[in-house]
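Subject: Structure handover

Hello,

My notes come after it.

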Amino acid sequence: MGQTLYQKIYHSHVVGKLNASTDLLFVDRHLIHEVTSPQAFSGLKLAGRAVRRPDLTFATMDHNVSTQRRSLDAAGETSRKQLEALAANCDEHRIPLLDLTHPDQGIVHVIGPEQGLTQPGMIIVCGDSHTSTHGAFGALAFGIGTSEVEHVLATQTLPQQQAKTLKVEINGDLPAHVTPKDVILAVIGKLGTAGGNGYVAEFCGSAIRGMSMEGRMTLCNMSIEMGAKAGLIAPDGTTFAYLKGKAHAPQAEHWDAAVSYWQSLHSDADAVFDKTISLDASSISPQITWGTNPEQVIAVDEPIPAPESFSDDTKRQAAERALQYMGLSAGQKLTDCAVDVVFIGSCTNSRIEDLRAAASVVRDRKVAPGVRALVVPGSGVVKRQAEQEGLAEIFKQAGFEWREPGCSMCLGMNDDQVAAGQRCASTSNRNFEGRQGRGARTHLVSPAMAAAAAIAGKFVNVARLEGAAQ
Amino acid sequence: MSQIFKQGLVCPLDKNNVDTDQIIPKQFLTSVSRDGFAEALFYDWRYLADGAANPEFVLNYPQYQGASILLTRANFGCGSSREHAPWALQQYGFNVIIAESFADIFFNNSVNNGMLLITLSKTNIELLFNRCAQGPQQWQIDLASQEILFGNNAAMGFNIDPDIKQRLLSGLDFIGSSEQLNPQIAAFEAQRRSHLPWLG
């Protein structure tokens with residue numbers, strides 16, 4: 001029997017067996033940031049351990065940095081201490097750090113691929129659940145906790161058990177204005193927030209093959225929102241073209257050997273998956289979440305479902321509670337709902353293609369009165385490119401705030417928060433209660449849909465807004 | 001063989017999909033310490049906007065003060081990888097969580113802190129909530145025999161991964177156990193350098 005891509009990567013990283021069902025796996029890249037690493041470094045120090053492979057460890061500052069000023073103290077005293085702790089730990093252990101003075105600093109899951117640190121066939125870990133993003137390159141990438149961060153720092157390995165495999169097959173062509181964000185929201189809507197628990201998901205099919213690397217990253221990024229341990233996409237010509245010439249990608253003397261290895265990284269034709277789901281890309285419309293978890297999602301023109309329409313007790317109760325929190329009622333259309341805040345950013349949707357898609361909607365238009373709209377590019381590289389292409393100017397002319405890179409309003413660890421009761425169109429990944437601020441009401445959408453909401457002052461099907469303009 | 005892992009008062013949290021943003025909101029994540037998170041547990045549910053205890057949240061009910069076993073429903077701990085979530089639960093006093101299912105990263109993080117997470121069928125979870133509805137419950141968790149003991153010889157069995165059971169029973173050092181494979185790690189690194197030299 002053939003192997004799945006996941007199984008190939010897993011088996012090629014087994015250092016040894018720890019006991020009957022647990023293997024010790026080697027980690028190729030360990031990405032760290034300020035929030036989930038300080039206790040791990042303290043633990044190392046307490047036990048007198050060193051960082052085994054500082055050359056395979058890379059750090060950035062992203063979660064609680066200010067996006068208004070490049071200064072360690074700009075997001076408050078406790079944030080400053082945490083950022084300084086990261087700088088001191090990286091200095092002590094000789095770990096490369098993209099700090100606030102570095103021109104390429106940014107969100108950890110944006111800079112990994114951008115710097116060429118993310119490559120096919122690797123195991124990549126980071127103390128952040130959206131590490132699944134890197135699976136877009138055919139790397140096994142997953143989020144870990146702080147105890148595990150300490151374990152990887154000390155040994156460059158991690159104890160693991162084999163996960164089950166889930167195949168998500170998406171064939172067909174995406175309609176105009178339907179993006180990878182809409183695809184992953186539709187998948188989560190179908191599978192549920194816990195449908196992937198215990199699985200590693202591999203996305204395949206013609207719709208995936210047709211996606212850019214950035215689109216694939218958006219897709220894999222939100223694999224965790226259906227509970228999957230990781231998302232994976234087999235590398236292909238698109239992947240290799242993206243990586244070529246990146247700072248940390250294999251250099252000329254190794255390039256051909258690397259590509260030839262990467263070409264072996266796909267699920268065998270006779271590989272058996274534990275579960276398979278499939279979607280027709282042409283049937284997907286622009287999506288929007290109406291509730292407080294990402295599976296509570298509809299096409300933007302659909303009415304909000306009635307709690308009674310869910311046959312499962314659990315889902316019915318969750319819907320009731322969500323409608324109450326969100327200040328919405330069954331049957332209502334979100335296209336009748338005004339928005340207060342628009343956030344374009346996060347490790348899901350802050351890359352150059354996301355900003356281009358949003359800017360094409362915003363061009364020659366104005367943000368509706370009373371709407372606060374901000375664009376937070378994912379990294380210094382994205383920011384510079386957007387400025388060179390004139391996108392930043394389009395956003396600023398329209399009335400958007402143009403910020404410095406960071407995680408920002410996705411989780412509101414800095415001062416970028418949504419006030420209680422306010423409704424936010426957000427390109428981020430989680431619409432949990434209180435995620436963007438206590439009492440904040442988050443609706444997850446694509447960058448184009450968020451831009452359209454900013455212009456219209458309410459949710460609107462971007463296809464219709466664009467249609468009206470043409 | 002019997003070995004009581006925990007004996008204590010049960011607090012029923014009748015919710016599905018409790019995410020880590022609810023378990024501990026982001027404003028508490030700027031700490032560089034591993035301690036001091038008990039007060040932050042379930043912050044937005046536990047306290048009103050003015051900081052007073054919310055009398056409608058189950059953790060604040062007088063009969064559940066001192067609870068050390070948390071009973072909840074499906075997909076507990078979904079969301080971020082923040083280990084602050086199990087730290088907050090443990091520092092509050094919960095060393096055992098019983099649920100229909102857990103999110104993977106949260107599950108690993110909890111085990112790495114020596115907590116016991118018990119997964120039961122939806123039917124059995126319902127039976128346990130029914131018990132709680134009859135009044136405050138004191139249960140014993142026997143890890144060796146894999147049973148929840150209700151008293152009066154009533155019990156409910158549970159499954160647990162044998163490796164995790166062994167770790168919890170013997171208190172194995174997470175990093176130390178792996179370090180016993182240091183020679184294999186070094187051999188793996190050497191082999192990787194020769195076969196896939198671009199990986200470093």
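Predicted model: local features only at pLDDT ≥ 70, side-chain atom pairs only at ≥ 80, totals over all residues.

Helix pair in chain A

Start with α12(A), residues 352-362, and α14(A), residues 391-398. Their axes come within 9 Å and cross at roughly 45 degrees. The crossing is left-handed. On the α12(A) side, the contact uses L355(A), R356(A), A359(A) and V362(A). α14(A) brings L391(A), I394(A), F395(A) and A398(A). By class, that contact has 7 nonpolar residues, no polar ones and 1 charged.

The buried side of α14(A)

Which residues of α14(A) are buried? They are L391(A), A392(A), I394(A), F395(A) and A398(A). An α-helix has 3.6 residues a turn, so residues three or four places apart point the same way. The cover over the buried residues of α14(A) includes α12, β16 (372-375), α13 (380-388) and β17 (401-402) of chain A. After α14(A) comes G399(A), with a positive phi near 110 degrees.

Chain B against chain A

Here, 47 residues of chain B are in contact with 60 residues of chain A. Elements of chain B giving two or more residues to this side are α1, α4, α6, α7 and α8. α7(B) gives the most, with 5 residues. The chain B side has 17 nonpolar, 18 polar and 12 charged residues.

Best wishes

Terms used. Residues numbered from 1 in each chain as written. Chains lettered and ligands numbered in written order. Contact = placed C-beta atoms within 7 Å. Helix = DSSP H or I, 4+ residues; strand = E, 2+ residues; numbered from the N terminus. Nonpolar A, V, L, I, M, F, W, Y, C, P; charged D, E, K, R; others polar. Axes fitted to C-alpha atoms, helices over the stretch in contact; angles between N-to-C directions. Left-handed = near helix turned anticlockwise from the far one by under 90°. Buried ≥ 20, exposed ≤ 12 C-beta atoms within 10 Å, placed from the backbone.
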